[in-house]
Amino acid sequence: MSIKRSLSTLTLSGFTLSALLILSFINILLQNVATNIERAGDGLLKLNSSEGVANVVTTVVVYFRGFDTLGEIAVLFIASLGVGLMLERNTECTIKVQSNFMLQSASKLLFPIIIIFGLYVMIYGHLSPGGGFQGGVLVASAVLLLLISNKDLEVPHAVISALETLAGVSYVLIGLMGLLLSDVFLFNFLSPNIADFGLLLSGGIIPIVYIIVGIKVGSEMGFIVQNLLKRSDDV
Amino acid sequence: MFEFFNSPEVINIIVIIGSMLLFFVGLFGLLTQKHIIKIFMSIAIMETAVYLFFIGSLFKLDAIAPIMKVADDTSKFNDPIPHAMILTAIVIAMAVFALGVSFAIEYYKLSGKTNIDTMNEMRH
Amino acid sequence: MSSVLFVALPLLFGFSTPILGYFGKNAVAYVSTLMQLFLLYLGFDLLLNEGFSIELISIAPPLGISFVVTKVSLLFVLLFTSVMTLFSLYYLSYRSEKPYRDESKFFILINMLLAASIGLVLSSDIFNIYVFFEIAGISAYILSAYEKSSSALEAGIKYLITGAVASIFLIFAIVLIYIYIGSLNLGIIAQHFELLPFQIKLLISILLLIGFGFKVEIFPLNFWVSDVYQGSSTLVNALFSAIVVKAYLFVFFHLLYLFLPHGEFSLFLIYLGAFSMLAAEVAGLRQSHLKRLFAYSSLGQVALVFTAFALQNTQAIQAALFIVLAHSVAKMGIFFALALIEKEHESMESETLKSLNSPFLRVILLISMLSLLGIPLFAGFVGKLLVLKSLALEGMLPIIMMIILASLIEAVYYFKLAGYMFTSDKRRDVLKVTWAHKTILAFLSLLLLIIGMAPFLLSEYLFEASKLMLGGVS
Amino acid sequence: MMINLSNYALGHIVLALEMSHLANFFAVLILLSMGTLLFLVKNYALPKSFYALSALLSTSLFLIVYAADYLLFFIGWEVMSITTYFLLSFSVSQKTLHKYIIFAMSSALALFIAILMIYSTQQSFLYSDARESFELMGEFQGVFFLVLILFAIFVKLGVIGFHYWLVDAYEEAHDIFTAFLSAVLSKMGVYALIILVVKVTQPMLALAIIGVMTSIIATFKAIQEDSVKRVLAYSSIAQLGYIVTVLGVADGMSGALYHSLIHTAVKLLLFINIAGVIYMTGRDKFSQLGGLIYKMPQSFVLLLIGIIVLAGMPPLGGFSSKFLIYSALLDTKYLLLLSGVMFSSASAFLYIYKLIYGVYLGHPSHKKLESAKEVSLSFLLPQYLLAFILITLGTFPALIVPYINEILLESSLTTLSFTHAGELISAFAQFNGLIVMSAFGTIFVLVVIFFVSTRSKAKEAKNRFDIAYCGEEPDESTHLHYGYSMGKELARVGILRAIIKNSSSHFYEYLGKQTLSFAELFRKIYSGKLSVNFNIAILFLLLLLWGSLR
Amino acid sequence: MIGLIILGTFITVIIIAFSAVIEKRVSHSIILFMGVGLGSVVLFFVFKAPDVALTEAVIGSGISSLIFLMALKHLGEKA
């Protein structure tokens, strides 16, 4: 009786349904374990050795499946647009977080470190783990840290907007350039030289695009977070 | 006795059961929780479970992360496509949550509700 | 000309909107419309010149992503582009009186919606489809919450949560596909799908059904739809029912025909569609809110298309394509007219129609409703006839009866509205409709009549398209 | 003559138009009604859309008549139903309109299902394949097919049980359109019955029984009514009941066709006449009319002709068709049916008398009626024309027999024998219209002379209250006119009371209420909570998974 | 060894996730959710997907939790 009272019907049905579903999933998956087959990834690995960069994931993300990334950028762009649309207020509400001394000094100390780490992750994305997404977000979070700690500071909207416009337009233009030069959208028209494999300047458009992606992601992320921060204060 | 856990088959089973249980936790949250942030969180947990299942099912014990040292070295790497896909999916999911949260904030401003089950003003 | 432009140009437009903003308030609106006109031209150009092409992106398929342009995908592309162009032209005249807030954002969103819907139709890579699925979804969520009223936000939240859950199931299916088949290219997947273990095949199919089911508004998964339609602004609803759901429908059945060419689940899907139609129409019977009413009618029509597609033979697909066209045109006419009425009367209760004083709008609404109902002489009839004919050929009498019963219920509430419009005499002042709106609305109604009276103008092309769709070119 | 339209159709559907004699016959009926009703149009200020819709309506009627396949027939049928809706919407209340459209759409859609059933057996919509398709159907399917078709047709004919919409619609429709509804649209039901049922199946006794029941019940329902148009509506139902009866037996086609013609003419005559009365007085209730004989003598005579035909009395055309109906029933030895028809025919006098007494005889029930004048020529001319037709058909009953024979030949049925235009011959009897006419004519003239000669001596009332009324002084509020409560006492007879008091409307209202509460259930599901919706979705997933794994 | 690590991390992640879901206070459950993210980062790392691990750390658990926290500050705990 006591169980019945504390657990609502919804909880019980939710638990039962999800448990049954998962048990059936597990049952099916365990009965049919995947075998080792030739997957598209293997083909891409071979392809990468002829025209890619050291970090294969970067090649895949930026070049082989670059169109997905363009779409992903578009998702982020639309989301930040939506967040802006929802939370934008013309009233001037500055950030009123009462930051203490600890936070202030720590942010001063951490800011350059995170920025440099972010930029490294962004620029070396084609050689080591990381890339535009992570780097962009890291840079954005560094700026965010500064924003939280220093209440007088605010990144002007125009700067973010200019950065994001520049990055977005140049990404599509690079894609269109490929279309123009060799009839293939997002084609790596800078003809990568395999001899440069593993160097900073290698892989044709790949590092360039990833940096553009980083700028775009960073600015969108900064925009979203700034809007959320601004909004969450004028309660 | 720990050798038993190192065979690929066992790891595969662990991954399947583990990620599906995580999926179950998320699904359970989705079906039972009311607060909108917890709904988003449950969805995020479900997505994480799917990502773990994907990466976990396709990783090979003897392979290494797909970062090549030299140009013609193609063997012994993990499949890079799942990594790229999951990368994309994570960012997309985050964007959707940011948007959803901003909807929720604005809706709360207007109606003072965070419980998704009470969000039914339009019962015509 | 490249079909990638269908996606690239709207994206370019979206990204470059801040620059365009410097050139004045109207620049964004006009550039957007011009771009859509250009895309329309591009579509016709592709139709006349090639009719079939594979457009590479980055690297060659099956490893890379590619766009496949066939007669059937071009049909949908042309439909979306022309719907969007008409929408923009309509809005250009509408905005002088009641523009949306932050107009440039609105233009970005509708163009993103267009790009994503076209991408869904053209793409031949399943993960790429997922990405476009998300773009279309996310633009639709924002469009639905655009007015920032409490009901609009509620609609947006419900849409977003449902969409997020749907995308989990979709990505789960994609993950399974990649694990067990090892490719993301639709053609390769189609080749290997049959060889999969039965249980896995089943699991993937069901996950895909659930993932897309939320979006194609099929029975137990469509409870969010009525709220979304009611909460969203009236003009945007035209896009939802004319573009978004059509794109998802196409993709779902494109995948179905590719993966399960022998129609393993055909019978189940047919029953599901017919039952969805019946349920939606029954739920619509008690509605008094116009937008919600037409949401249920959309559900019914989409379910009819679903049934037709699920039959998995060329004639039924041809019928489905007819209904898709007729429904898009009719719903556009209805929601465009309702937007004008809402602006004037500031109410969307069905009693509003009693005091509507505009013979023109009444006739437009009437023609659109009759077409939706499948009355002879209007475009809807052709589709409905062909669907029922193919069902009759299969000998599925129960399905026919369910569909006809649903049509009867639909007729009951449509004619209730018609009764409100044509019998009452307590009218307000004359509602003035600008000539631009009149032209567009009249064009839509005329289109319904032309397709209805002369279906043979289109039937050849649609038959070719349905053969291609069933044949599963990817 | 057959026109193949398959070049313009799609999906391998063969469409065709055909000009058969049967189709021509019904086309003549349509043209007759349109021609006569056109005379009236200029008396009313009708909106332009009325004309446009009427044009569309007549197009659809011709499509129905000349179609040689079910699909075109259905298109015509549905367009007819919808156009009728909009023509009704000019004057009819919202409730009646809604009632009409629900029935009309059910009828059209039932027809659609039936057509698709025919199509599914032979992949052809053509009439010429229909009989074979019907025979190919299974037992159950065949019965189901017939039920659907008959439902569709009965709704259009207003057979008792399906007449819920009809009487109200007839009453409230525009006067011109009521005439058209009764004269033509109901004939489309007859045509459909011939094309879709009689030509496809064997004669059905059930059909005949339903027809007889219809005519009896409708007759008694008519007696109780106070509105002129409602009485005529019930009379229409009763008359169509005869046609349904005779189509249900073998060799009944000739009677049905003949009666269709007579009924079209007589209903046009009566409705035009009543339209004239309503136009002049603005009243359409028996209790508000009366005593118009001196004001509108020509109309009175024309109505008299009309009701004689309606009653099926010799010497006018009504008897000729009744004669064929009776002999068809005699021929098949369904004597109970025959007596039913005769009973209903005789009972019809009760309301027929009401028509002439309530409107033209007795006391004028209101002062306003005293200022009424004879209607204009535009009302009289079509009535004279129709009266002429009816009298001619009474005098020369076999005048159209050669033509009917051609129709019968076309459907490979036994023809009527034909000697000369004045003599109608059936298997059992024959009657010479000329002789009957001259006998009745002589008697009529004698009666009129007698009446006129006695009447001149009778005292004429100067005031309408100049009467003895139980010693009281009657005033405006007193119902002097007998038409007010005429036929009320009939309700004391048990079986008649059952007919009059019970109505199918209770059933339909109950059905409507139940449907709406069912809809309420679904509406609630659709505006439920999000978490409940997800629960349902997951349940669906589970059921799917387990269902297909099994 | 690697198998044990995977097993242990999975168990931890599931327990944390479950407590995040059933935790009444939303702020606490967001912190726990961050823990789920970090646990999955470890798993991704073990699965030899450093890119994904980095992304999950920065975006999946970092920014997402941050967004939730900022939203929560506004929405309040009460459901």
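## Contacts within chain C

Let's start with how chain C folds back on itself. Among its contacts between residues at least 6 apart in sequence, 81% join residues at least 24 apart. Here, two residues are in contact if their C-beta atoms, placed from the backbone, lie within 7 Å.

Before going on, please note that this is a predicted model, where local features need pLDDT of at least 70, side-chain atom pairs count only at pLDDT 80 or more, and totals for chains, interfaces and linings use all residues. Residues are numbered from 1 along each chain as its sequence is written, while chains are lettered from A and ligands numbered from 1 in the order in which they are written.

## The build of chain C

Chain C has 19 helices and two strands. Both kinds of element are DSSP runs numbered from the N terminus: helices are H or I with at least four residues, and strands are E with at least two.

How does the chain fill space? Its C-alpha atoms occupy a box of roughly 65 × 60 × 45 Å along the principal axes.

Of the 474 residues of chain C, 69% count as buried. A residue is buried if 20 or more other C-beta atoms lie within 10 Å of its own, exposed if 12 or fewer, and partly exposed in between, with C-beta atoms placed from the backbone.

## Two loop residues to look for

Most residues other than glycine have a negative phi. C:Lys148, not a glycine, has a positive phi of about 60 degrees. You can find C:Lys148 in the loop between α6 (126–144) and α7 (150–181) of chain C, and it counts as partly exposed because it has 16 C-beta neighbours inside 10 Å.

C:Leu377 is not a glycine either, and its phi is positive, at about 85 degrees. It sits in the loop between α15 (359–373) and α16 (379–394) of chain C. With 20 C-beta neighbours inside 10 Å, C:Leu377 counts as buried.

## Where chain E meets its partner

Of the eight pairs of chains in contact, which share the most contacts? The answer is chains B and E. In this pair, 41 residues of chain E are in contact with 46 residues of chain B. The largest share of chain E's side, 15 residues, comes from α3(E).

By contrast, no contact joins chain C and chain E, whose closest C-alpha atoms lie 14 Å apart.
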